[in-house]
Amino acid sequence: MSGDCIFCTIVRREAPASIVREDADTLAFMDIQPMNPGHVLVIPKAHAAFLKDLPRGQAGPVFEAAREISFALRHSGLRCDAVSMYLADGKEAGQDVFHTHLHLIPRFAGDGFGLRPTPGFGRIADRAELEDQAARIRRGLAQSAR
């Protein structure tokens with residue numbers, strides 16, 4: 001755990017949080033700046049600034065917790081017709097707390113929340129372009145296996 005990380009402080013119970021679920025690997029609590037009522041954050045207890053920093057096998061528990069909370073949100077009595085999950089991995093993606101965390105945001109028609117398409121969205125990508133991108137990602141995967 002990192003001493004100056006607010007989420008690590010919450011894990012150590014040195015800062016308040018409205019906890020909804022906890023197990024040996026993860027903690028889930030209410031976001032203090034919710035997009036919609038019922039907005040929950042799921043974090044690994046071990047500090048990892050970015051998803052790539054999580055030890056192998058530690059992403060699974062985060063998504064298992066998310067699966068359970070998604071079900072609970074839909075059966076909570078809160079307005080929740082769907083759930084968006086959002087994980088920002090890096091400053092340019094919108095990450096502002098550098099401890100890996102997954103947002104679970106209850107959704108309903110007209111809630112005003114959503115990802116905004118970028119210029120060019122909707123264009124069908126050229127197959128050669130997709131193959132080039134896939135090859136680049138495969139090379140990156142080979143690097144991560146080292």
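1. Searching the whole structure turns up two aromatic pairs. Rings of Phe, Tyr and Trp (its six-membered ring) pair if their centres lie within 6.5 Å; planes under 30 degrees apart are stacked, over 60 edge-to-face, and the rest tilted. A friendly reminder: this is a predicted model, where local features need pLDDT of at least 70 and side-chain atom pairs count only at pLDDT 80 or more, while totals for chains, interfaces and linings use all residues. Residues are numbered from 1 along each chain as its sequence is written, and side-chain values use heavy atoms, with hydrogens and water left out.

2. Phe7 and Phe29 are edge-to-face, because their ring centres are 5.5 Å apart and their planes stand at 75°. The pair links distant parts of the chain, 22 residues apart: Phe7 sits in helix 1 (residues 6-11) and Phe29 in strand 2 (residues 26-30). Helices (H or I, at least four residues) and strands (E, at least two) are DSSP runs, numbered from the N terminus. Phe7 is buried at 6% relative accessible area, and Phe29 is buried at 3%. Buried means under 20%, exposed over 50%, and partly exposed in between (1.4 Å probe, protein chains only).

3. Phe50 and Phe98 also pair edge-to-face, at 5.8 Å centre to centre with 70° between the planes. Phe50 lies in the loop between strand 3 (40-44) and helix 2 (59-74), and Phe98 in the loop between strand 4 (82-86) and strand 5 (102-107), 48 residues apart. Phe50 is partly exposed at 28%, as is Phe98 at 34%.

4. Have a look at Ser70 in helix 2 too. Ser70 is buried, with 10% relative accessibility. Leaving aside neighbours within four places in sequence, Ser70 contacts Val83, Met85 and Leu104 (heavy atoms within 4.5 Å).
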